[in-house]
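Grab a pencil and work through the exercises below, with the model open beside you. Each task comes with a step-by-step solution.

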Amino acid sequence: MMRLTCPFCGARELHEFQFHKTAPEPGANPFAAVYERVNRTDISQEYWQHLHGCRAWLYVSRNPSTGEVYQVHLLGTQS
Amino acid sequence: MTLRRALSTRRGHRVTSQSVSFQFDGREYTAQAGDTVASALLAHGVRLFGRSVKYRRPRGVFAAGPEEPNALLTVGTQPCVIPNVSAPQLAITPQLITRSQNRWPSLRVDLHALLQAGSGFLGAGFYYKTFMWPSWRTYETMIRHLAGLGEAPGAADIAPPHVEYVSCDVLVGGAGAAGLAAALAAARAGARVVVCEREPQAGGELEFETATIDEQSATEWVSSALAELARAGARVLYHTAIVGGSDGLVIAHAEPGGGAKDNTVYRIRPQKFVMAMGAVERGIAFVDNDRPGVMLLGAAERYLARYGVAVGKELVLFGNHDRLYASAQRLHAAGMRIRAIIDTRGDVSAVTIGLRARLTGMGVECLGGHAVAEVHGAHGVRRICVVDLQAPGTKIFIECDALLVSGGWTPMLQAALHDGGQREFAAQAGGFVANAQPEWRTAVGACAGTFELSVLLTESFRAAAQLSQSVGAMGVVGRAPVGRGDTAPQLQAFWRSACTRAQEKRQFVDLQNDVTVADLRLALSEGFVDIEHIKRYTTLGIGTEQGRTGGLLGAAIVAELKGEPLSRVGVSRTRPPYQPMTLSSLAGLNQGDALRVTRRTPLHAWNQANGAVFEPAEYWLRTRYYRANGTDAFTAGIQEATQVRAHGGILDGSTLGKIEIAGADAAAFLDRLYLTKASTMKVGRSKYMVNLREDGMVLDDGIVLRLAPNRFLATTGSGHAEHMLSHFEHYRALEWSHRQVAITNLTEAWAVIVVAGPESRAALIRVLGEAWHARLSGLTHMDFSVSRWNGQTLRVLRASFSGELAFELHCQHGIAVPLWEALVAAGLQPYGLEALDILRVEKGYLVSSEMNGEATPQDLGMDGLVNLGNECVGRAMLGRPAFAEPQRPRLVGLRACDGKSVIQGGAQITLTTTDTHALGHVSSSVYSPALGQWIALAFVARDRAAPGTVLVARDPLRGTDVDVVVTSPVHVDSSSERMKA
Ligand SMILES: [Zn+2]
């Protein structure tokens with residue numbers, strides 16, 4: 001099972017987190033942000049919440065083909 | 001019921017002389033403590049353990065582990081049964097009751113088998129091809145009765161498993177020679193080690209090994225290795241099989257009946273995983289190779305060594321490698337009579353020639369370059385037919401009652417082929433072995449294709465030492481264990497004996513699923529080429545044994561039939577769980593009361609004591625109605641709603657979601673998230689507000705109170721609080737992380753009592769006291785006031801969800817029950833959700849039936865709110881042209897034209913009674929006591945939504961068509977005079 005590393009809580013099991021949706025492309029207009037989603041196999045930028053933990057909202061970049069998690073950072077902070 | 005005569009005490013390293021008993025097919029059998037059901041029944045001379053799934057052919061025990069394809073039993077009695085338990089793994093426990101499967105009316109006489117005898121064989125896809133007219137469904141019930149493995153339990157009362165989370169540096173799967181060597185290296189290096197072994201004992205193939213390790217016998221070495229591991233703090237979990245996992249998590253399961261750690265699911269997070277699961281012996285296909293008495297050679301040896309059970313009186317061994325001879329010597333030494341050894345190999349080493357001579361001297365006929373072609377004996381092996389592979393015409397018949405087969409060993413790659421793990425073809429193993437693996441995983445021993453003891457000890461020891469170093473365990477590991485006296489098995493691939501096309505229907509490849517060579521040939525001729533497709537079409541390897549004994553054999557025969565090398569055909573992948581688990585084990589702790597939370601309000605106990613009938617609403621338990629008010633929900637709801645409009649009533653509204661938004665930027669934050677502005681609200685006032693999803697659909701509604709300049713309380717629908725909390729937090733993180741917004745869920749901090757009805761104000765004043773008189777009289781609609789009552793905080797909000805003069809009392813828990821009881825004493829009757837629904841539909845108020853995720857604010861008649869022009873989340877989407885199209889449904893009211901017909905919720909709205917094009921649907925409907933007729937809220941296409949339009953509410957499911965007339969959604973008191981009284 002995939003794990004995510006919460007910036008506050010460390011590496012935690014997936015069932016502590018709740019997936020929200022993939023993030024829209026930066027600067028997308030409202031219609032594109034809702035309906036015109038890319039579906040890349042090599043990278044997926046996603047919103048997750050550490051719902052059953054510290055409740056932090058996270059921005060996760062990962063590879064949906066391999067399950068590799070590239071990066072997790074707090075939503076609203078730039079890394 | 002007769003107790004079977006006790007047999008003389010057997011000696012084996014797993015059994016003691018203590019006697020136990022169990023039931024099989026209604027009969028008592030004695031056994032010795034430590035026996036499995038398979039060993040005990042074999043000791044009693046039982047050969048028939050069940051019938052096969054498709055042809056109902058008699059079947060006996062074939063193996064001695066989870067690879068058992070035939071001897072699957074149902075344990076227990078309905079409704080508490082576990083089907084498909086492998087008899088060789090089923091430990092005998094007190095009061096154990098077992099039954100054979102796939103037979104009716106009895107194991108000896110099976111009706112289906114008799115039918116089969118007349119009709120010939122059912123090829124691959126037979127059911128799907130034959131039962132097509134008029135449709136598969138016509139036959140499904142009957143076929144399901146005849147097909148399938150075992151029976152499902154009638155009740156969910158198997159105890160939930162224990163679930164244990166384990167983390168370690170090195171996990172070793174398998175405690176055979178390779179696994180123990182790896183565990184020793186890791187433990188010596190200082191790594192935290194966990195070993196999972198599916199058997200109740202360590203050692204694996206070393207159980208029979210005559211070679212020595214570190215100058216000790218193999219079994220002595222196992223004991224000393226285990227002792228060293230124990231001293232080093234390593235954990236060895238017996239009876240625990242690795243059954244799945246992904247992304248670095250490994251799931252292991254200790255089966256029920258396994259002892260101290262009975263039915264435990266381990267979720268293991270290792271840094272490194274050493275796969276040393278070994279290999280499992282496979283059979284060879286020949287005609288009628290499924291008869292009871294045909295058994296894997298290794299299984300026969302295990303029954304003898306572990307339980308002292310002789311699987312036959314006259315044995316023949318059949319195989320394609322050197323280990324046949326060592327086995328024959330051991331079986332002979334134990335006093336078993338061996339008639340012959342049939343070795344498919346013509347050319348053998350000098351050592352083997354010597355062994356043959358020695359065995360011949362003992363009276364064993366050794367036939368090199370021969371193969372078993374056919375078995376005779378319908379209910380068990382009586383005689384075999386052997387052919388000379390060089391001269392196929394010559395037949396030799398040998399009388400025997402057990403034929404022990406060994407076609408080689410198939411590496412257990414289940415765990416190695418997931419998460420990107422690769423395999424390769426290895427000729428010396430006659431099959432596929434693990435190669436490239438993700439960096440956290442490595443395969444050793446037979447899994448990696450190494451069968452020679454001296455080599456695999458060194459290889460796996462070194463591999464584990466290296467892995468341990470990579471995770472920082474740098475201790476001195478010393479030298480690897482040294483094995484001596486073992487040789488490679490010199491296997492020469494041999495998959496099936498020659499036979500006629502007709503006989504291919506009786507050459508079984510997968511015993512559990514009755515897949516024959518004929519099925520494989522048929523699948524190929526019908527265009528199934530890929531081994532994964534062939535698996536699904538023929539059911540090769542899909543059963544509980546997951547292709548352990550037949551998967552590779554099937555692939556090899558496909559290769560032969562296609563004329564392709566096996567390396568190109570490949571072998572199908574096993575899905576987890578690799579070994580059967582009950583659904584209860586898979587669910588883990590997520591079952592029963594632990595599946596989800598149940599929340600009860602502070603008034604729950606009072607409600608329960610006063611005849612409330614509860615209804616789950618999301619995770620809450622809410623009062624539907626009170627028994628005193630009617631015999632059922634319908635009559636009680638009408639009584640309670642009538643009472644509210646006539647006098648007054650109280651409702652437990654504690655489930656209302658309450659989220660506090662505070663901070664310097666709170667008002668601006670709410671302006672962004674709600675369709676209308678919160679910032680324009682005065683302190684002490686409240687406002688009905690709606691929020692939208694990003695796509696413009698209405699998400700939720702509620703009243704927002706401004707408690708202080710920088711403090712708001714947003715109420716949400718019951719059961720929506722968690723979701724709305726996440727929604728608020730998401731936008732705060734996304735857009736407001738550098739500003740001051742604090743969000744707190746106070747849903748469970750406040751109890752809520754709704755007081756509604758024309759007499760509500762007067763009753764409240766009587767209860768709260770004269771001090772509240774002026775305060776309450778001064779409250780206009782949507783005002784609120786905060787003070788204290790009986791020492792605790794009480795907030796009174798004048799707001800209505802019923803259309804009556806009404807107040808929401810938000811109070812601290814300590815005063816909830818006294819306040820409620822005082823209100824009852826003041827003459828207010830409690831009401832429940834049934835009445836609430838009547839009152840709100842009469843007044844045209846919305847719940848999730850209307851805010852269903854497909855409705856924009858305009859659809860719900862909130863054009864006025866939209867026109868205020870607040871730029872909130874989702875607003876940009878409201879201008880889309882599709883939302884203004886004339887066919888787009890919007891909210892209306894409906895009444896039956898005849899004033900008495902029932903309008904059903906969910907009915908489709910059409911123009912005529914014959915029309916099948918829906919203009920919309922009924923979202924809510926109630927019988928309105930205020931109007932004396934059924935009324936509804938519905939969505940109807942805008943161009944047909946003018947009040948007065950006559951339409952039809954069609955409900956084909958219940959067979960009703962009702963003429964309805966469109967009205968305003970507000971059925972009662974459209975000018976809100978009652979509410980503002
Ligand atoms: Zn966290």
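Some ground rules: buried means under 20% relative accessible area, exposed over 50%, and partly exposed in between (1.4 Å probe, protein chains only). This is a predicted model, where local features need pLDDT of at least 70 and side-chain atom pairs count only at pLDDT 80 or more, while totals for chains, interfaces and linings use all residues. Residues are numbered from 1 along each chain as its sequence is written, chains are lettered from A in the order in which they are written, and side-chain values use heavy atoms, with hydrogens and water left out.

**Exercise 1.** Work out whether B:C499 is buried, exposed or partly exposed, and how far its sulfur is from the closest cysteine sulfur.

*Solution.* Start with the surface: B:C499 has a relative accessible area of 23%, so B:C499 is partly exposed. Next, the closest cysteine sulfur belongs to B:C385 and is 12 Å away, too far for a bond.

**Exercise 2.** Find how many residues of helix 23 of chain B are buried, and which residue follows the helix.

*Solution.* Helices are DSSP runs (H or I, at least four residues), numbered from the N terminus. Helix 23 of chain B spans residues 833–843, and nine of its 11 residues are buried; among them are B:L836, B:I838 and B:L839. Then comes B:G844, with a positive phi near 75 degrees.

Note on methods. Helix = DSSP H or I, 4+ residues; strand = E, 2+ residues; numbered from the N terminus. Disulfide = S-S within 2.5 Å.
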